[in-house]
Amino acid sequence: MPEPLHAVTAYRHIMDSVSRCAAGAGRSAPVVIAVSKTRTAEEILPLLEAGHRHFGENRVQEAQAKWPALKAAFPDAVLHLIGPLQTNKAKTAAELFDAIHSLDRPSLAAALAAAFDQTGRRLPLFIQVNTGREPQKAGVLPEALEDFYADCATRPALTVAGLMCIPPAEENPAPHFAWLADRGRRLGLKNLSMGMSGDYEAAIRLGASHVRIGTALFGARG
Ligand SMILES: *Cc1c(COP(=O)(O)O)cnc(C)c1O
């Protein structure tokens, strides 16, 4: 487990690097989502204490175990769901999270609309696109994006804020980011959730509004 001091040092380094990259590209700095999946509350606390507020988790159950207490201590923390969501967990997710980056199918759109109506919550949503057409990966296929977005737009409870992608690990991510940015422009969606520890600089240059950074902040996952 990294020492808290090291975590905060890594944090300052990443925030500086993100700012410099955005300034160099003539863009405003993106929201940095600190991806805290698999990290304990003790590892997360130093970042909260350093003033960071945006965090990402990929599993509802794990987030449910860690975040109610952290949010009680830091009520302005913003929790992003960045992993796949099962329809039967839509209501729990609506109550626990503040944004969802993994909207990827009509059944989930319907479940989230119902969950938002039940809870009165209205979370910003990102449509995840499987830009690399990987069978094991979540996300709508590129050619299905436009129809899926139109379907979501007919549901008053849903606010589609932007698009999200995770490029194939072994490919140059830049063409995927550029494609997502182009689709965002065409659909009038301003937010792009793209870029992780290994490729956030390319994502920022291509217009990321949100980068999701785990290992570069917290160290390698065990
Ligand atoms: C784990 C994860 C990240 C963070 O990846 P790192 O390489 O550790 O920065 C980003 N996005 C998603 C969807 C993830 O599951």
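The ligand is surrounded by V35, K37, I82, I166, M196, S197, R212, I213, G214, T215 and R221; a residue counts as near when one of its heavy atoms lies within 4 Å. The model is predicted: local features need pLDDT of at least 70, side-chain atom pairs count only at pLDDT 80 or more, and totals for chains, interfaces and linings use all residues. Residues are numbered from 1 along each chain as its sequence is written, and side-chain values use heavy atoms, with hydrogens and water left out. The shell around the ligand holds 5 nonpolar, 3 polar and 3 charged residues. Here Ala, Val, Leu, Ile, Met, Phe, Trp, Tyr, Cys and Pro count as nonpolar, Asp, Glu, Lys and Arg as charged, and the others, Gly among them, as polar.

A polar side-chain atom of K37 lies 2.6 Å from a ligand oxygen. For R221, the distance from a side-chain N or O atom to an oxygen of the ligand is 2.9 Å. R212 places a polar side-chain atom 2.8 Å from a ligand nitrogen. Taken alone, the ligand exposes 380 Å², and the protein buries 89% of that (Shrake-Rupley method, 1.4 Å probe).

The whole structure contains 13 salt bridges, each a side-chain nitrogen of Lys or Arg within 4 Å of a carboxyl oxygen of Asp or Glu. One of them joins K71 and D98, with the closest N and O atoms 2.7 Å apart. K71 lies in helix α3 (residues 60–73) and D98 in the loop between α4 (90–96) and β4 (99–103), so the pair ties together parts 27 residues apart in sequence. Helices (H or I, at least four residues) and strands (E, at least two) are DSSP runs, numbered from the N terminus.

T38 is not a glycine, yet has a positive phi of about 70°. T38 sits in the loop between β1 (31–35) and α2 (41–49). R133, also not a glycine, has a positive phi of about 50°. The loop between β5 (124–129) and α6 (145–153) holds R133.

How values were computed:
A polar contact is a pair of N or O atoms within 3.5 Å; within protein, one must be able to donate a hydrogen and the other to accept it, and residues adjacent in sequence count only if both atoms are side-chain atoms.
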